[in-house]
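Thanks, everyone. I have one structure to show today, and I'll keep it quick. Here it is.

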Amino acid sequence: MAEATSLSKASQVWEKRRIWECLVSGEKETVSWATSPVSNETHFLSLCDGVAKCIMLNSEGNAEITGKVEVEEDPVCSVTATSKGGLDEQLIVFTAHKSGLVRQWLGSTLNEPPTGPIAFKADHKGPILHLKVLQNNGKANELVTIGSDFLIKLWNIETHHCLSVLRGITSVPLCSEKYEDIKSGMCYLACGLVDGSVKIWRMKRDDELSCWTVPSSNVMANTLVKHHSQVNSIQ
């Protein structure tokens, strides 16, 4: 009988625990980058194990963590950013936490505003799965929260007031995308759902508030059935 030979070290493959980072959209919403007009630097945001990080690629192509949001008792559920509006036109980052709080941070270092912490309760019955910033012609004064309770809420960032509630989600939202055009008075929000459908809402302009709103809470939604639930904005 042939003598058994042991495997060489190079052929021994071991599987170890993996933690995947979820890249999220920045200003362009279709790519995972956020650009700060002050320093002209480009960063991307990541979310892993309840911790949000802002990461920059240096001149050698190596990743450097420039800022981190980690609240042990209140993990981060979602994160988004915009590079327009705010103090000194800095990068503005929003994080949604397990408690339902939405917090605001400034710059790639993810610092609290100089006036002190900014946070408000988004009042969803469950985690906030997605965040979107509506630019509103560069004002960046409106935030969309998409909750696991199948509700979408539009918030005025400056006053922390809920402007509208969008209904019609029938299963867990996997992804979201928005399109807005002040000149044509058009704004759409689309959600790809785990059941394979895409729900689309149209909003109207409230010039007095400088925000997008919906006429009533019973929003009409268009459904694209048997879709792969991946939504991208084409401008």
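Some ground rules. This is a predicted model, where local features need pLDDT of at least 70 and side-chain atom pairs count only at pLDDT 80 or more, while totals for chains, interfaces and linings use all residues. Residues are numbered from 1 along each chain as its sequence is written, and side-chain values use heavy atoms, with hydrogens and water left out.

Two terms before I go on. Strands are DSSP runs of E, at least two residues, and helices are runs of H or I, at least four residues, both numbered from the N terminus. Two strands count as paired if DSSP finds at least two bridges between them.

Now the overall picture. The protein has 18 strands and 0 helices. Of its 235 residues, 46% count as buried. Buried means under 20% relative accessible area, exposed means over 50%, and partly exposed is in between, with a 1.4 Å probe and protein chains only. The accessible surface comes to about 13400 Å², and 52% of that belongs to carbon and sulfur atoms. Areas here are Shrake-Rupley values with a 1.4 Å probe; for residues, only the protein chains shown count as cover. As for contacts, take those between residues at least 6 apart in sequence: 44% join residues at least 24 apart. A contact is heavy atoms within 4.5 Å.

Back to where we began. β7 and β8 sit in an open sheet of 4 strands, in the order β6-β7-β8-β9, with antiparallel pairing. Which strands are at the edges? They are β6, 76-82, and β9, 118-121, and each pairs on one side only. Neighbouring strands of this sheet are turned by 20° against each other on average, direction ignored. For such angles, axes are lines fitted to C-alpha atoms, for helices over the stretch in contact, and angles run from 0 to 180 degrees between N-to-C directions.

Walk along this sheet. β7 and β8 form a hairpin with 3 residues between them. In that turn, Gly-100 has a positive phi of about 100°. Next, β8 and β9 run antiparallel and are joined by 4 bridges. There, Gln-104 stands opposite Ile-118 in β9.

Between β8 and β9 comes a loop, and Leu-110 is found in it. Its phi is near 55°, a positive value in a residue other than glycine. For context, most residues other than glycine have a negative phi. Is Leu-110 buried or exposed? Leu-110 is buried, at 6% relative accessible area.

One more residue here: His-97, in strand β7, residues 92-97. His-97 has a relative accessible area of 0%, so it counts as buried. What does His-97 touch, leaving aside neighbours within four places in sequence? Its contacts are Val-69, Val-71, Asp-74, Pro-75, Val-76, Cys-77 and Arg-103.

Look at β12, residues 152-156. β12 pairs with β13 in the antiparallel sense over 5 bridges. Ile-152 stands opposite Leu-166 in β13. The loop between β12 and β13 holds His-160. His-160 also has a positive phi in a residue other than glycine, near 65°. At 27% relative accessibility, His-160 counts as partly exposed.

β4, residues 51-57, and β5, residues 63-69, run antiparallel and are joined by 6 bridges. Leu-57 stands opposite Ala-63 in β5. The hairpin has 5 residues between the strands, and Gly-61 takes a positive phi near 85°.

Last stop, the surface. Val-172, Leu-174 and Val-194 form a nonpolar patch, with about 250 Å² of accessible area together. Patches are made of residues with over 30% relative accessible area and no salt bridge; like charges are joined within 9 Å, and nonpolar side chains (Val, Leu, Ile, Met, Phe, Trp, Tyr) within 5 Å. A salt bridge is a side-chain nitrogen of Lys or Arg within 4 Å of a carboxyl oxygen of Asp or Glu. Leu-174 is found in β14, residues 173-181. Leu-174 is partly exposed, with a relative accessible area of 47%.
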